[in-house]
Amino acid sequence: MTSKTEKLLSLLNGQPVIPVLKIANVADAVPLARALSRGGLPAIEITLRTADALEAIRRVAAEVEDAIVGAGTILDAKQFDEAARAGSKFIVSPGITSQLLDAAKDSPVPLLPGAITPGEIMVAREAGLRFLKFFPAEQSGGIASLKAFASPLADVKFCPTGGITGKNAADYLSLANVICVGGSWVAPDDLIKAGKWDEIEALAREASKLAK
């Protein structure tokens with residue numbers, strides 16, 4: 001297993017749920033990260049789906065000591081570099097491309113690329129990656145697909161994301177080839193907008209206790 005895969009596993013292993021966050025207001029980033037960390041989910045993924053995403057990553061990296069902030073929805077090498085320079089500890093992409101693999105090869109920041117077909121998984125494996133995002137999980141065969149991959153691709157582990165909720169997360173986590181799951185249910189948009197950090201902390205604490 002490559003050193004970057006080991007680094008990524010060391011950042012995320014032991015945390016059953018990685019919150020996937022869309023920050024619409026940069027002022028929410030720090031209190032949100034603090035609430036999630038207090039609830040036992042210090043590793044978070046801030047997606048580059050809003051104008052404030054990179055600034056949110058900068059603020060969390062600088063101001064929330066316990067947080068392990070990653071950047072999500074990274075689509076190309078330019079975004080990879082911007083996210084890394086903003087302070088991201090890991091990079092998440094919905095898919096896998098040669099450009100992203102090249103960017104990751106030259107960076108100390110580990111990449112968690114998405115892969116849903118045997119061919120994509122094998123491309124990642126050839127690049128030395130053994131820990132991948134399975135996205136969109138529910139729409140791509142979900143638990144049945146991951147079970148099917150377990151034997152022929154036995155040395156590859158996954159973080160399923162997409163359609164994961166508090167109701168099905170435990171089923172995914174019960175699989176031998178699943179390290180963690182990604183989900184947004186621990187930080188719903190309405191609670192973020194209302195600044196209900198205590199409620200988000202409670203959701204995080206509940207998620208942090210899911211068995212792996």
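Which backbone nitrogen lies 3.3 Å from a polar atom of the side chain of Thr5? In the predicted model, this backbone nitrogen belongs to Arg130. Thr5 is part of helix α1 and has a relative accessibility of 2%, so Thr5 counts as buried. When neighbours within four places in sequence are left aside, the contacts of Thr5 are with Gly128, Leu129, Arg130 and Phe131.

Helix α1 spans residues 3-12, and its buried residues are Thr5, Leu8, Leu9 and Leu12. Viewed down the axis of α1, these buried residues fall within an arc of 100 degrees and therefore line one face of the helix. An α-helix has 3.6 residues a turn, so residues three or four places apart point the same way. The buried residues of α1 pack against a set of strands, namely β1 (17-21), β2 (43-47), β4 (90-92), β5 (111-112) and β6 (131-134). On the face of α1 turned away from its buried side, the exposed residues Ser3 and Ser10 are found. Just after α1, Gly14 adopts a positive phi of about 95 degrees.

A helix pair is formed by α3 (residues 53-63) and α4 (residues 77-86), whose axes come within 8 Å and cross at roughly 30 degrees. Angles under 35 degrees count as roughly parallel, and α3 and α4 are therefore roughly parallel to each other. From α3, the contact involves Leu54, Ile57, Arg58 and Ala61, while α4 contributes Glu82, Ala83 and Ala86. Classified by residue type, the contact of α3 with α4 comprises five nonpolar and two charged residues, with no polar residues.

The side chain of Glu201 is joined to that of Arg205 by a polar contact of 2.8 Å. With residues up to four places away in sequence not counted, Glu201 touches Ala35, Arg38 and Gly39.

Notes
Residues numbered from 1 in each chain as written. Predicted model: local features only at pLDDT ≥ 70, side-chain atom pairs only at ≥ 80, totals over all residues. Heavy atoms only, no water. Axes fitted to C-alpha atoms, helices over the stretch in contact; angles between N-to-C directions. Helix = DSSP H or I, 4+ residues; strand = E, 2+ residues; numbered from the N terminus. Parallel < 35°, antiparallel > 145°, perpendicular 65-115°, else oblique. Contact = heavy atoms within 4.5 Å. Nonpolar A, V, L, I, M, F, W, Y, C, P; charged D, E, K, R; others polar. Buried < 20%, exposed > 50% of the residue type's maximum accessible area, 1.4 Å probe, protein only. Arc of directions from axis to C-beta. Polar contact = N/O pair within 3.5 Å; in protein donor to acceptor, adjacent residues only side chain to side chain.
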